[in-house]
Amino acid sequence: MENRPLPVTLIAGYFWVFSGVLIAILFWQVAMHRIHSGVVEKLIVLCGCFLVALLPGVLGFGLWLLDNAARIGAVMFALLHAISEVAFLSNLHIPSRAFTWFRILLDGAIILCLIHPKVRAAFRLKPVEFSIRGAK
């Protein structure tokens with residue numbers, strides 16, 4: 001087992017839950033609300049929405065595997081999510097400003113954790129030795 005830092009494990013779990021919630025909301029929307037458009041338009045939009053909803057889950061899996069590209073993608077995803085939440089604050093009919101600020105702070109904490117030097121070091125490739133004649 002690799003030495004996965006605890007913050008990376010927690011962030012991966014958060015991304016999996018986030019993706020699961022998005023997919024559950026999409027299923028609920030499809031099951032409970034009638035969408036008034038053609039079948040082709042529904043399928044195109046729903047496939048796109050499900051792919052976007054899967055993105056945090058895929059990033060979480062990459063973080064679990066200590067993939068550096070997933071770390072960079074998670075930083076970019078958290079940054080874009082924080083920016084969208086800041087834009088959401090300008091809405092007058094926002095359900096909870098405190099929860100929105102919490103999510104912004106959580107995205108900031110995720111970014112700070114993933115760019116920390118000790119966490120970045122865990123994502124470096126480990127050298128692998130190969131031997132033709134047997135184990136060393």
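**Figure 1. Salt bridge between Arg103 and Glu85.** Arg103 forms a salt bridge with Glu85, with 2.9 Å between the closest N and O atoms. The term denotes a side-chain nitrogen of Lys or Arg within 4 Å of a carboxyl oxygen of Asp or Glu. The pair links distant parts of the chain, as Arg103 belongs to helix H4 (residues 97-115) and Glu85 to helix H3 (residues 68-88), 18 residues apart. Helices (H or I, at least four residues) are DSSP runs, numbered from the N terminus. Glu85 is buried, its relative accessible area being 8%. Buried stands for under 20% relative accessible area, exposed for over 50% and partly exposed for values in between (1.4 Å probe, protein chains only). A search of the whole structure finds 1 salt bridge. The model is predicted: local features need pLDDT of at least 70 and side-chain atom pairs count only at pLDDT 80 or more, whereas totals for chains, interfaces and linings use all residues. Residues are numbered from 1 along each chain as its sequence is written, and side-chain values use heavy atoms, with hydrogens and water left out.

**Figure 2. Packing of H3 and H4.** The axes of H3 and H4 come within 9 Å and cross at roughly 155°. Axes are lines fitted to C-alpha atoms, for helices over the stretch in contact, and angles run from 0 to 180 degrees between N-to-C directions. H3 and H4 are therefore roughly antiparallel to each other; this class covers angles over 145 degrees, with under 35 counted as roughly parallel, 65 to 115 as roughly perpendicular and the rest as oblique. Their crossing is left-handed, a term for a near helix turned anticlockwise from the far one by less than a right angle, clockwise being right-handed. Val75 is located in helix H3 and is buried at 14% relative accessibility. The C-alpha atoms of Val75 and Ile111 are separated by 5.3 Å, although the two residues are 36 residues apart along the chain.

**Figure 3. Aromatic pairs.** The count comes to 7 aromatic pairs. Rings of Phe, Tyr and Trp (its six-membered ring) pair if their centres lie within 6.5 Å; planes under 30 degrees apart count as stacked, over 60 as edge-to-face and the rest as tilted. Tyr14 and Phe15 form a tilted pair, 5.9 Å centre to centre with 40° between the planes. Tyr14 is partly exposed at a relative accessible area of 24%, while Phe15 is buried at 1% relative accessibility. Phe27 and Phe50 form another tilted pair, 5.1 Å centre to centre with 50° between the planes. Phe27 lies in helix H1 (residues 6-32) and Phe50 in helix H2 (residues 39-64), so this pair ties together parts that are 23 residues apart in sequence. Phe27 counts as exposed, at 52% relative accessibility. Tyr14, Phe15, Phe18 and Phe77 form one aromatic cluster.

**Figure 4. Packing of H1 and H2.** The axes of H1 and H2 come within 7 Å and cross at roughly 165°. H1 is thus roughly antiparallel to H2, and the crossing is left-handed.

**Figure 5. Charges over rings.** The charged end of Arg4 sits over the ring of Trp64, 3.7 Å from its centre. The criterion is NZ of Lys or CZ of Arg within 6 Å of the ring centre and within 35 degrees of the ring normal. The charged end of Arg71 sits over the ring of Phe123, 5.9 Å from its centre.

Definitions and conventions. Helices (H or I, at least four residues) and strands (E, at least two) are DSSP runs, numbered from the N terminus.
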